[in-house]
Amino acid sequence: MNKVLHLGCRTTNIVEPAHGVLKIYLRSSVGDLASCWDEIDKMLAVQFGEIQGSVGRNKTVLEHKYKKIKMMRELEGYVSRRALKFIYDELKRSKTFNFGKEDCGCVQKTSYGLPCAGIIAMKSKQKLSLVLDDIYPHWKRLSVQGQEIDDDFSVMEDWNGIQERLKTSPYNMKLYIK
Ligand SMILES: [Zn+2]
C-alpha cells in the first residue's frame with residue numbers, strides 16, 4: 001500500500017462508511033424493488049448535497065496557522081486543506097531531533113504525491129520554498145477566492161460512478177451490501 005500512489009483514498013476510509021449508510025437507508029424500506037430504489041435515490045441525493053457542501057467549505061476556509069510558515073506560503077489557497085495538513089505534519093517530522101533523509105521512508109511522496117519529510121528538509125536547508133510543482137495535481141483542484149485552478153473540477157464524475165455501481169450490482173446484493 002505504501003508504494004502505491006493512492007492519494008489517501010483507501011477502501012476502508014471511504015467505501016465502508018458509504019455501505020454502512022446505504023444499509024441504514026435500506027433497513028427502513030420493507031421490500032419491493034421500487035421502494036428500495038426510492039431509498040437509494042434519496043440517499044444519493046443527501047450524499048450529493050454533503051459532498052458539494054464539503055467542497056464549498058474547503059474553498060472558503062483558510063488555515064491561518066500555515067500562513068506563518070514561510071516554506072508553505074506559496075501553497076496556501078491553491079492546495080486542499082487536507083494536503084496542507086499532511087505537508088505540515090511532514091514538516092514537523094523533518095524537524096525532529098536527528099532526522100536523517102535515510103530514515104524518511106518517503107511514504108508521503110510515493111503514496112500521496114506530496115513532499116515527504118526528506119524533501120522538505122532538503123529544501124529547508126537550501127532556503128527554498130515548497131512550490132506548486134511539488135504537489136501532485138489531485139490536491140490542486142480546489143479553487144479559492146474566485147481563482148479557478150481547475151475549471152473542470154466537478155463531483156459529477158464520482159456521482160455518476162456511484163449510480164453506475166448501484167445499477168450494475170444484482171438486486172439481492174444491493175440488500176446485503178456489507
Ligand atoms: Zn522522503
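The protein chain folds into eight helices and zero strands, where helices (H or I, at least four residues) and strands (E, at least two) are DSSP runs numbered from the N terminus. This is a predicted model, in which local features need pLDDT of at least 70 and side-chain atom pairs count only at pLDDT 80 or more, while totals for chains, interfaces and linings use all residues. Residues are numbered from 1 along each chain as its sequence is written, and side-chain values use heavy atoms, with hydrogens and water left out.

**Chain as a whole**
- Of the 178 residues in the protein chain, 33% are buried, a term that means under 20% relative accessible area with a 1.4 Å probe, protein chains only.
- Among contacts (heavy atoms within 4.5 Å) between residues at least 6 apart in sequence, 58% join residues at least 24 apart.

**Helix α6**
- Helix α6 spans residues 117-125, and its buried residues are Ala117, Gly118, Ile120 and Lys123.
- These buried residues of α6 pack against α4 (81-94), and just after α6, Lys127 takes a positive phi of about 55°.

**Aromatic rings**
- The count comes to two aromatic pairs, a pair being rings of Phe, Tyr and Trp (its six-membered ring) with centres within 6.5 Å, and planes under 30 degrees apart counting as stacked, over 60 as edge-to-face and the rest as tilted.
- Phe86 and Trp139 pair edge-to-face, at 5.9 Å centre to centre and with 90° between the planes.
- Because Phe86 lies in helix α4 and Trp139 in the loop between α6 and α7 (156-168), this pair ties together parts that are 53 residues apart in sequence.
- Trp139 is buried, with a relative accessible area of 3%, and ring pairs link Phe86, Tyr112 and Trp139 into a cluster.

Methods
Buried < 20%, exposed > 50% of the residue type's maximum accessible area, 1.4 Å probe, protein only.
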